[in-house]
Amino acid sequence: MNRAVIGFLDGPQAALTLNVMTTERRRTRQDRRHNDRVVSIFAVKSAVGPDMHLGQCEDLAPAGMSLRRPGGLPLAMGMPVMLWFELPGYGEEIAAQAVVVSDQRAGKFRRTGLRFANVPAESVRKIEMFCS
């Protein structure tokens, strides 16, 4: 939607065209994703190299998840992470490879954005069904 703004000048500069945003700008960065995420809290085991940690999924989408993990060192963008988790109500463990797309401090914890990189087709189907 465009609106003309009439200024104090005459001539070609009298009307400036401004683009008016039609969506809410005050959303958080997480809300601006193009895919729908489902807020869901469940345990996630994660391994970066030889280090294994227990964390908590905060939200899940077919493309990835946000992981709340113990505070400590940040994970570098693109770093591979191995995940093991069980979707609530499904009763089967899913093993998935992921890569870090974001990592930031969240109080005493860290919030790490992960994009799935290698997930078996059956597990992808379960995640998609869970998120729909």
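How far is the sulfur of cysteine 57 from the closest cysteine sulfur, and in which residue does that closest sulfur lie? In this predicted model, the closest cysteine sulfur belongs to cysteine 131, and the distance is 8.6 Å, which is too far for a bond.

A disulfide is a covalent bond between the sulfur atoms of two cysteines. The cut-off applied here places the two sulfur atoms within 2.5 Å, and the 8.6 Å between cysteine 57 and cysteine 131 is therefore too far. Cysteine 131 is likewise in no disulfide, its nearest cysteine sulfur being that of cysteine 57. A search of the whole structure returns zero disulfides.

I turn now to the strands. Strand S4 covers residues 51-61 and is joined to S5 by five bridges, the two running antiparallel. Together S4 and S5 form a hairpin, with two residues between them. Within this pairing, aspartate 59 has serine 66 of S5 as its bridge partner.

S5 also pairs with strand S8, residues 109-118, in the antiparallel sense over seven bridges.

Why is S5 described as largely enclosed by the rest of the structure? The strand spans residues 64-70, and five of its seven residues are buried, so the description follows from that count.

To close, the search for disulfides gave zero, and S5 is paired with S4 and with S8.

Terms used:
Residues are numbered from 1 along each chain as its sequence is written. This is a predicted model: local features need pLDDT of at least 70, side-chain atom pairs count only at pLDDT 80 or more; totals for chains, interfaces and linings use all residues. Side-chain values use heavy atoms; hydrogens and water are left out. Buried means under 20% relative accessible area, exposed over 50%, partly exposed in between (1.4 Å probe, protein chains only). Helices (H or I, at least four residues) and strands (E, at least two) are DSSP runs, numbered from the N terminus. Two strands pair if DSSP finds at least two bridges between them.
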